[in-house]
Amino acid sequence: MSPGKLAIIFGLGVAAVLIIQSGDPLDSWYPVWRETGLLARAGVFLIAGAFLFTLGWLHGFLFGPLELLRGPDDVGYIVENGRSKSQAANEVRRRRRTGDLPPVYPNGWYRVLDSHMLPRGEVRSITVLGEQVAVFRGQDGEAYVVDAYCPHLGANLAVGGQVVGNCIECPFHGWQFRGTDGKCVKIPYAEKVPEFAKVRIWPSCELNGLVLVWFHCDGEDPQWLVPEQQEITTGEWVYRGRTEHAINAHIQEIPENAADIAHLGHLHTPAIVSGVDLRYTNSKTWEFLRHDWKVHWEPEAEPNKHCSQMLVKHALTVFGCTWPLLDVSVLARQVGPGVVFLLIEHSFLGRGVILQCVTPVEPLLQIVTHTIFYQSNIPPLVPKFILKGESIQFERDVMIWNNKKYISKPLLVKEDSAIQKHRRWFSQFYSDNSPRLRHQRDTLDF
């Protein structure tokens, strides 16, 4: 519970106690208070509670992290004619043409959750790449990821399951599976545990404040590692918040934006104050504020061919004049299909990183998180403002992704050449056996 809520509950509780009890202790301290009526006393404590609530809110605003979590229907759809958000979203998802899609699950590392969401001894149920997994933290402090369903009779280990040592215990019959290798180490009512009794484990790692899993359609071991951001590990950069968005599109649509340079000048030039609804972002009210972008995208060479880099230089113009204070350089380094490091550097506003993670939940449903770590000696409002600005610009893209069709052979001009270059680079994450989406009557299956 937030400090503000605690403060107001405390204030109201004290007010109620002092009003109803006999022999009010404040009577002996303050003669004026003794002569005050019950309603006036209640008003004093209500005002005090509201004051404490305001202080708590102000503290969170100034010093707490920004947490902005959007649901699948919250962003990216036009709601009109009395429909609800969910009705508008479902109608678009039902009618939209998907196009000739690439495989739906590229090989690579994917975020399952943030480290702070998984305390020692707890288990979480997560859907990733069309699978249910149980993510738990053993008593040794390590995070483990295993298939959610017990091989005995199929109970979900993450729903009612308990962490015992470094094992996950099934809520149905108490079978215990070791997090390191998935082997069953205890069956409470059996004399012997069969050697073949085990649950599948997912290769995982934990760094940069994230728990990540490796996926390969052929079951191959990890072919590269996600780099560690030393400033996060040492505590020089601290957590300042995160955003989460659900996007109804193919995963490749999202990183491809890095090579689509032309869209920046059209979609992202209007100032962030004009909002995210693309029907109104070009309003003349805010046309004196403009974002200017200079972007260059390139894949990296061996041994880092699984990486690419986008250099972004941002400038804000007011009535055509540049404000150097808000000139920001960002190096966006993509590592595989699911992780991007947005390294921010500014001479006055400091340094930090936004970790953008794209995780397929279903073939056409991606969870995208932006987690910001920033210099601890920079006021928290600075990285929170940066993250909020990033979120606004990102939600403009969401409105495109949620409604577009994937075109495998697009009509391009020479200025779009980086898009085809990006598609060739991204194709390395697909294998012959990578799962594809196929249509079955009125449903989607894969």
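Which residues have the most contacts inside the largest nonpolar core? They are Leu212, Met310, Phe341, Val353 and Leu355, in a core of 41 residues. A nonpolar core is a set of buried Ala, Val, Leu, Ile, Met, Phe, Trp, Tyr and Cys residues joined through side-chain atoms within 4.5 Å. Buried stands for under 20% relative accessible area, exposed for over 50%, and partly exposed for what lies in between (1.4 Å probe, protein chains only).

The model is predicted: local features need pLDDT of at least 70, side-chain atom pairs count only at pLDDT 80 or more, and totals for chains, interfaces and linings use all residues. Residues are numbered from 1 along each chain as its sequence is written, and side-chain values use heavy atoms, with hydrogens and water left out.

**Overall**

The protein has 446 residues, of which 47% count as buried. Its secondary structure comes to 10 helices and 21 strands; these are DSSP runs numbered from the N terminus (helices H or I, at least four residues; strands E, at least two). The accessible surface is about 23,100 Å², and 58% of that belongs to carbon and sulfur atoms, as given by the Shrake-Rupley method with a 1.4 Å probe, where for residues only the protein chains shown count as cover.

**Confidence**

The mean pLDDT (the predictor's confidence in each residue, from 0 to 100) is 89, and 88% of the residues reach 70 or more.

Where pLDDT is low, the predicted coordinates should not be read in detail.

**The cores**

The largest core has 41 residues. Elements giving two or more residues to this core include β11 (210-215), β14 (307-318), β18 (350-362) and α10 (417-426). Strand β17 gives the most, with five residues. Leucine 355, leaving aside neighbours within four places in sequence, is in contact with residues including Leu210, Ile232, Val340, Phe341 and Phe373. A second, separate core has 32 residues, among them Val135, Phe215, Ala249 and Leu364.

**Two single residues**

Threonine 269 sits in the loop between α8 (261-267) and β13. Threonine 269 is buried, at a relative accessible area of 10%. Not counting residues up to four places away in sequence, threonine 269 touches Leu264, Leu289, Arg290, His291 and Trp293.

Leucine 52 belongs to helix α4 (residues 38-63). Leucine 52 is partly exposed because its relative accessible area is 32%.

Conventions:
Contact = heavy atoms within 4.5 Å.
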